[in-house]
Amino acid sequence: MTGAAAAGPGNPEPAAPTAPAHRCGHVAVVGRPSVGKSTLVNALVGERVSITSKKPQTTRHRIVGIANAPGQQAIYVDTPGFQTRHASPLNARMNRAVREALADVDAIVWVVDAARLTAADRQVLALLPEDRPVVVALNKIDLLPDKSALLARLAEIAALRAFAALVPVSAEKGVQLDHLAREIALRLPAGPPLYGPDELTDRDERFMAAEFLREQIFRRLGDEVPYATTVGIESFEHAGTSRRIGAVVWVDKPGQRAILLGREGETMKAIATEARKSMRRLFGGSVHLDVWVRVKKGWADDDASLARLGY
Ligand SMILES: Nc1nc2c(ncn2[C@@H]2O[C@H](COP(=O)(O)OP(=O)(O)OP(=O)(O)O)[C@@H](O)[C@H]2O)c(=O)[nH]1
Ligand SMILES: [Mg+2]
C-alpha cells in the first residue's frame, strides 16, 4: 500500500514546495489591431507608456512596460497590431516586431475583443508558440450589452487551444485586471528583477516625446494623415527639471502638411499642447516644445528610409 506516513517526531513532514522568493519575466501582449493591447499594458503598468487611439495600427514598435508588485516584476512587451491585410514595407516591419517579441518571452497575453472572434484573431493565434503559456484577455467587456454572450465566447476560445487561463477584462475601466495580473504572475519564472523599481519602460524620453505627438495626430486627424505621418526628435535639451524639445512631423505630401497645420496653425497648436501635457506628466518638470511639419515624399515606402526613421 502506498501513502504518506503520518508526520510526527522523528518522521518530519516533507517540506512543502516553496514559492520562489522573487519572480520576473517577459510577457508579450499580442493581438489584432485595436483590441486594446496598449490600453491594457498602460493599465497593468499604471502609467501611460504606450500610446492609444481608436484607429488601428497606432502602435508601430515593440515597447516595454514594467509592472512591479511585491515579490514579482512583469515586463510587458506591447506590440503593433498584427496586420493580415495590407502588405507594405511599414506593415512588414511591424509584423516582424510582433514575431520578434514572441521569440523570447516567458508568457503571452493574447488580447481579443470579447464581442467577437475574427479570422484575424485566429491568424494571430497561429503565430503563438505552442510551448509558451498563453493567457487570453477578453477585453472591452464594458461594451457587451448581453453578458451571457460571454459564456459562449469563452467556450469558443477555450476549444481552440489549451490556454493557461481565460480572463474577461476591461482595460479601459480597470475591470478584473488584478485577476489577469495574478494569472500572468503564476507563469513568471523565478528570478531577480531586471529593471529598477522606478523604471517604467525601456524607451527613452526622446522616443516617448515623439510617440505622444503621434498619439495626438492619430486621435485628432481623419483616416489619411496619421498613416502618412511619422515624428522625429531633432533636439532634446535637459537642464535640471526642464526639457526643451524640437520635433519634426514628417508627412508624405504637401496637402497633408496643410491639414496638419490647420487654419493659422490651429490644429498643430492643439496637437502640440496635448502632447506636451502627456510629456510633462511622464517626465515630471516643465517641457518647452517646438514642432515643425515637413514633407518627405515616400518616407514609408522603402526599407532604408524606414530604418533611418527608427522603424
Ligand atoms: N470601451 C472600451 N474601450 C477600450 C478598452 N480597451 C481599449 N479600448 C479602446 O480601444 C481603442 C484601441 O485601443 P488601443 O489600446 O490603442 O488598441 P491596440 O490594440 O493597442 O491597437 P494597435 O496598437 O493599433 O494595434 C482605444 O480607443 C481604446 O480607448 C476597454 O476595455 N473598453
Ligand atoms: Mg497599440
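1. The domain assignment of the protein chain gives domain 1 (23-185) and domain 2 (205-308); such bounds come from an automatic or database domain assignment. The C-alpha centres of domain 1 and domain 2 lie 27 Å apart. Across the boundary, 10 residues of domain 1 are in contact with 14 residues of domain 2, where contact requires C-beta atoms, placed from the backbone, within 7 Å. The side of domain 1 that touches domain 2 is made up of three nonpolar, three polar and four charged residues. In this classification Ala, Val, Leu, Ile, Met, Phe, Trp, Tyr, Cys and Pro are nonpolar, Asp, Glu, Lys and Arg are charged, and the others, Gly among them, are polar.

2. On provenance, this is a predicted model, in which local features need pLDDT of at least 70 and side-chain atom pairs count only at pLDDT 80 or more, while totals for chains, interfaces and linings use all residues. Residues are numbered from 1 along each chain as its sequence is written, and chains are lettered from A and ligands numbered from 1 in the order in which they are written.

3. Overall, the C-alpha atoms of the protein chain fill a box of roughly 85 × 50 × 40 Å along the principal axes. The chain contains nine helices and nine strands; these are DSSP runs numbered from the N terminus, with helices being H or I of at least four residues and strands E of at least two. Of its 311 residues, 38% count as buried. A residue is buried if 20 or more other C-beta atoms lie within 10 Å of its own, exposed if 12 or fewer, and partly exposed in between, with C-beta atoms placed from the backbone. Among contacts between residues at least 6 apart in sequence, 69% join residues at least 24 apart.

4. The shell around ligand 1 holds 25 residues, of which G36, T52, T59, G81 and E172 come nearest. Membership requires a C-beta atom, placed from the backbone, within 6 Å of the molecule. The shell divides into six nonpolar, 13 polar and six charged residues. Helix 1 (residues 37-45) gives the most to this shell, with three residues.

5. Helix 1 is also largely enclosed by the rest of the structure, because nine of its nine residues are buried. The buried residues run from K37, S38 and T39 through L40, V41 and N42 to A43, L44 and V45. Their cover includes strand 1 (23-30), strand 4 (107-113), strand 5 (134-139) and helix 5 (177-185). Just after helix 1, G46 takes a positive phi of about 85 degrees.

6. The largest nonpolar core has 74 residues, and V27, V29, Y76, A137 and L213 touch the most other members. Such a core is a set of buried Ala, Val, Leu, Ile, Met, Phe, Trp, Tyr and Cys residues joined through C-beta atoms within 7 Å. Helix 6 (residues 205-220) supplies the largest share, seven residues. Each of domain 1 and domain 2 contributes at least three residues to this core. Leaving aside residues up to four places away in sequence, A137 touches L40, V109, V111, V167, V169 and L180.

7. Strand 7 (residues 230-239) and strand 8 (residues 242-251) pair in the antiparallel sense over nine bridges, pairing being at least two DSSP bridges between strands. They form a hairpin with two residues between them, and G240 in the turn has a positive phi of about 60 degrees. A239 has S242 of strand 8 as its bridge partner. Strand 8 and strand 9 (residues 287-295) run parallel and are joined by nine bridges, with R244 opposite H288 in strand 9.

Methods
Two residues are in contact if their C-beta atoms, placed from the backbone, lie within 7 Å.
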